[in-house]
Amino acid sequence: MVKRSLLYLRRKYKRSVLLLLLLFVISFCLSVGICVWRSIGAVTHEIQQTLGTSFVVRMHVSLTHHPANLEDVTEPDGTTRKVYTGPHLDDNTIEKIMQIDGISAYNADNYLEAYPHMDNLQLVPGMWNLDLQDREAHPEDYADDERITEEYATMRSRATMLYGNSDTSLAAKFRTGAFELAEGRHIRPEDRHVVLLSDKLAELNNLQIGDMISMTARDGGVFTGKALSVLGEAQQLTIVGFFHVNGYQPTGRYVSEDDMTYNWAFTDLDTVKTLRSANEQAQYGANYDQEPQYQNVTFFVDNPKQLDGIVDQVKRMDTIDVGSYQIAADDTMYKSTVDALQRIRNLIVGVVGIIVIGCTIILFVVFTMWVGSRKKR
């Protein structure tokens with residue numbers, strides 16, 4: 001049997017090579033299609049676990065402008081100003097939502113509205129640093145500028161964005177891959193007076209894990225004459241990690257230092273609260289103190305399939321004022337990523353299917369011709 005098979009293959013080698021080639025193409029295409037389908041399915045599941053398992057709670061913006069939620073507060077100089085005194089997104093709200101079964105974790109975030117000032121660090125140079133260089137090179141061009149003084153430009157050259165998080169590993173920038181932890185660890189809920197900086201800022205200032213930096217809140221008012229005012233006490237923060245910025249970040253003359261992600265800092269919520277309180281007391285008096293409040297709180301669920309049901313449960317809760325909050329599934333990033341992967345998968349599977357069908361048709365024609373030739377004989 002083997003000898004006859006080998007003899008046939010030698011005598012009909014062209015036919016054998018064509019058959020082998022067609023079967024190889026069909027098998028290869030089917031293997032590629034199956035691998036792509038499984039790989040994209042695994043990636044989709046991973047993305048779903050990372051991006052598709054959360055919902056966001058935030059205050060309704062309209063509440064901050066409603067007259068019923070505004071109260072007159074006397075500032076130190078005797079003038080009055082309306083401030084928001086309505087409902088807040090605070091620890092009490094978080095505690096009650098966390099009691100729902102299926103919610104496993106949360107990340108509350110806040111930011112500092114006054115200018116966070118890096119007291120002992122040099123920032124990645126931008127618009128304000130270059131402005132100072134121009135002032136030094138051509139002082140005559142700035143002699144009549146009474147609004148933006150050299151002192152103000154100096155303050156802004158060290159001003160950045162400060163974001164408070166209860167858990168930076170769950171912060172949006174890190175979950176989406178815009179930032180990634182390069183060294184050290186993330187900020188945890190129990191942390192106090194710690195900070196995450198970019199690896200580029202660390203390199204510029206020769207910083208190491210465990211080093212201390214000083215940060216203060218500054219008034220920053222161009223027209224108030226208090227641009228150099230330090231609000232409250234300086235916060236001494238311990239560096240616990242460095243993050244890397246993925247992607248392109250514009251720098252240079254037309255980008256302010258606080259708009260450069262290389263200069264941003266992440267800290268614990270307690271530090272942001274302290275700096276915010278100093279800012280509020282400087283504006284409204286030493287006795288003014290609001291309860292802790294957050295810009296957004298992102299809650300994470302164990303099972304993505306339960307997300308919609310849990311969101312509905314939160315909206316029906318009677319222990320919190322659900323009418324004051326915007327509550328929605330945080331699936332924008334998940335859907336945009338998964339939709340692109342599914343389009344790629346469908347395209348590849350479609351091409352593989354066309355090739356396999358084409359080869360199968362050719363194989364059928366070839367076999368039909370071979371059988372027909374044998375019958376004629």
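S214 is buried, at a relative accessible area of 10%. Buried means under 20% relative accessible area, exposed over 50%, and partly exposed in between (1.4 Å probe, protein chains only). S214 belongs to strand β9, residues 212–218. Strands (E, at least two residues) and helices (H or I, at least four) are DSSP runs, numbered from the N terminus.

The S214 side chain has a polar contact of 2.8 Å with the side chain of D119. Another, of 3.4 Å, joins it to the side chain of Q236. A polar contact is a pair of N or O atoms within 3.5 Å; within protein, one must be able to donate a hydrogen and the other to accept it, and residues adjacent in sequence count only if both atoms are side-chain atoms. Neighbours within four places in sequence aside, S214 is in contact (heavy atoms within 4.5 Å) with H117, M118, D119, N120, A234, Q235 and Q236.

## Basis of the values

This is a predicted model: local features need pLDDT of at least 70, side-chain atom pairs count only at pLDDT 80 or more, and totals for chains, interfaces and linings use all residues. Residues are numbered from 1 along each chain as its sequence is written, and side-chain values use heavy atoms, with hydrogens and water left out.

## Aromatic pairs

The whole structure contains 12 aromatic pairs. Rings of Phe, Tyr and Trp (its six-membered ring) pair if their centres lie within 6.5 Å; planes under 30 degrees apart count as stacked, over 60 as edge-to-face and the rest as tilted. F55 and F299 are stacked, at 5.3 Å centre to centre with 20 degrees between the planes. F55 lies in strand β1 (residues 54–59) and F299 in strand β12 (residues 296–301), so this pair ties together parts 244 residues apart in sequence. F55 is buried at 0% relative accessible area. F299 is buried at 1%.

F299 also pairs with Y106. That pair is tilted: 6.2 Å centre to centre, 40 degrees between the planes. Y106 sits in strand β4 (residues 103–111), 193 residues from F299. Y106 is partly exposed, at 28% relative accessibility. Elsewhere, ring pairs link Y163, F174, F179, F243, W264 and F266 into a cluster.

## Charges over rings

F179 has K173 over its face, 5.9 Å from the ring centre. K200 places its charged end over the ring of Y262, 4.4 Å from the centre. A charge sits over a ring if NZ of Lys or CZ of Arg is within 6 Å of the ring centre and within 35 degrees of the ring normal.

## Salt bridges

There are 5 salt bridges in the structure. Each is a side-chain nitrogen of Lys or Arg within 4 Å of a carboxyl oxygen of Asp or Glu. R135 bridges to D131, with the closest N and O atoms 2.7 Å apart. Both lie in helix α4 (residues 127–137), 4 residues apart, about one turn of the helix. R135 is buried at 10% relative accessibility, and D131 is buried at 15%.

R253 bridges to D134, the closest N and O atoms being 2.8 Å apart. R253 is in the loop between β10 (230–245) and β11 (265–267) and D134 is in helix α4, so the pair ties together parts 119 residues apart in sequence. R253 is partly exposed at 38%. D134 is partly exposed at 22%. R156 forms a salt bridge with D258, at 3.4 Å between the closest N and O atoms. R156 lies in helix α5 (residues 150–156) and D258 in the loop between β10 and β11, so this pair ties together parts 102 residues apart. R156 and D258 are both buried.
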